[in-house]
Amino acid sequence: MSEYTITVVKNENPKPKPASDQLKFGKYFTDHMFIYDYSEAKGWHNPRIVPYQPIVLDPAAMIFHYGQTVFEGLKAYRTKEGHIQLFRPDKNMERLNLSNDRLCIPAIDEEFAINAVKHLVHVDSEWVPDAEGTSLYIRPFIIATEPYLGVNPSSMYQFIVILSPVGAYYESGINPVKIAVENEYVRAVKGGTGEAKTAGNYASSLKAQEIVSKEGYAQVLWLDGLEKKYIEEVGSMNVFFKIKGEIITPELNGSILNGVTRNSVIELLRHWDLPVTERRITMEELDEAYRNGELEEAFGSGTAAVISPIGELAWGDKKLIITEGQTGEVSKRLYDTLTGIQFGSVEDPFGWTVKVK
Ligand code: COI
């Protein structure tokens, strides 16, 4: 048996599946999961698909103490013809290894990880929902499992993949979201872990989000950690602004996540010959454009969020109501094209989709 042979233990007690049209984000989990172990002596070994179950860890496992962990998010889509496909899984696994590197976690074989995801989705293929706007969210993650309290990279890890049938990420569905610009807390600084997909970035974002959610805002828009001047990202999505026809997204600077959907949006806009620029942009510039009537659209991009139009941005006492709180033309075109490619109803000239079955 090769080190890459994935053993499968079938779940003898499959769960009832939730109705496709009732799905929210990340509440239900399928019948199986993938596990892959790492030790210094054996490297990555024993890849297996097993019934979905709790994992047993030593209370001293390093993940609990120092947060050495990384994750990814991608989706499987059911086409009208009943096929199942993934969207750019190579990009997720490439980024997983970049996050691994930042967190001192041993690299995984990207191609093997894609195969493991395909195999798992195949085993749980009946869980890929078919209602409009739904998909199977795939969450690969790696945790440090060595029982040890010294602050060092762990010598043992588990790479786990779980699956969750999902609907829209935001409660507002595909309708525009309200976002508050964060002026007090920061998410990341250059040289920190902002570019890595690691749990600590999300843990540190909760406080600000909790505060603004009381005022009806879905999430916060983070500014740079040094001057609190330059726009960075929302945390669950990258951001784009259309000002006088130019579509601007903050340039990657080491503290912004290199989103797969962000990259796909940029490629699509270039393909359509629309002006798209990756550059630094301040809140002041955005506000000035708004006051001059030049801020035409704002939207976020992410695997979970897809394309989420931003209908309102609160910045201190100011409220920027964008595209009259409605979905803008470019946001709509991007949403339709991207989801069209993902669900197989629009031709994929980029070779982004990968067939599972
Ligand atoms: C994703 O879009 O997949 C994300 O990882 C964002 C998130 C739900 C944390």
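This is a predicted model: local features need pLDDT of at least 70, side-chain atom pairs count only at pLDDT 80 or more; totals for chains, interfaces and linings use all residues.
**Stop one: K197.** Select K197 and you will land in the loop between β9 and α4 (199-203). Its relative accessibility is 10%, so K197 counts as buried. Now show its surroundings: beyond the neighbours within four places in sequence, K197 is in contact with T69, V70, F71, E72, G73, R95, S99, Y202 and L257.

**Stop two: helix α7.** Next, select residues 283-291, where M283, L286, D287 and A289 are buried. These four sit on the same side of α7 because they cover an arc of only 160° around the axis. Turn to the face away from that buried side to find the exposed residues E284 and R291. The strands that the buried residues pack against include β9 (177-181), β11 (238-243) and β15 (306-315). Just after the helix, look at G293, which has a positive phi of about 70°.

**Stop three: the aromatic rings.** The whole structure holds 18 aromatic pairs. F25 is partly exposed, at 22% relative accessible area, while Y137 counts as buried at 8%. For a cluster linked by ring pairs, select Y4, F34, Y36, Y38, W44, F112, Y157 and F159.

**Last stop: charges over rings.** Finish with R333, which lies over the face of W272 at 3.8 Å from the ring centre, and with K178, whose charged end sits over the ring of Y217, 5.2 Å from its centre.

Methods: Residues are numbered from 1 along each chain as its sequence is written. Side-chain values use heavy atoms; hydrogens and water are left out. Buried means under 20% relative accessible area, exposed over 50%, partly exposed in between (1.4 Å probe, protein chains only). Helices (H or I, at least four residues) and strands (E, at least two) are DSSP runs, numbered from the N terminus. The arc is that of the directions from the helix axis to the C-beta atoms. Contact means heavy atoms within 4.5 Å. Rings of Phe, Tyr and Trp (its six-membered ring) pair if their centres lie within 6.5 Å; planes under 30 degrees apart count as stacked, over 60 as edge-to-face and the rest as tilted. A charge sits over a ring if NZ of Lys or CZ of Arg is within 6 Å of the ring centre and within 35 degrees of the ring normal.
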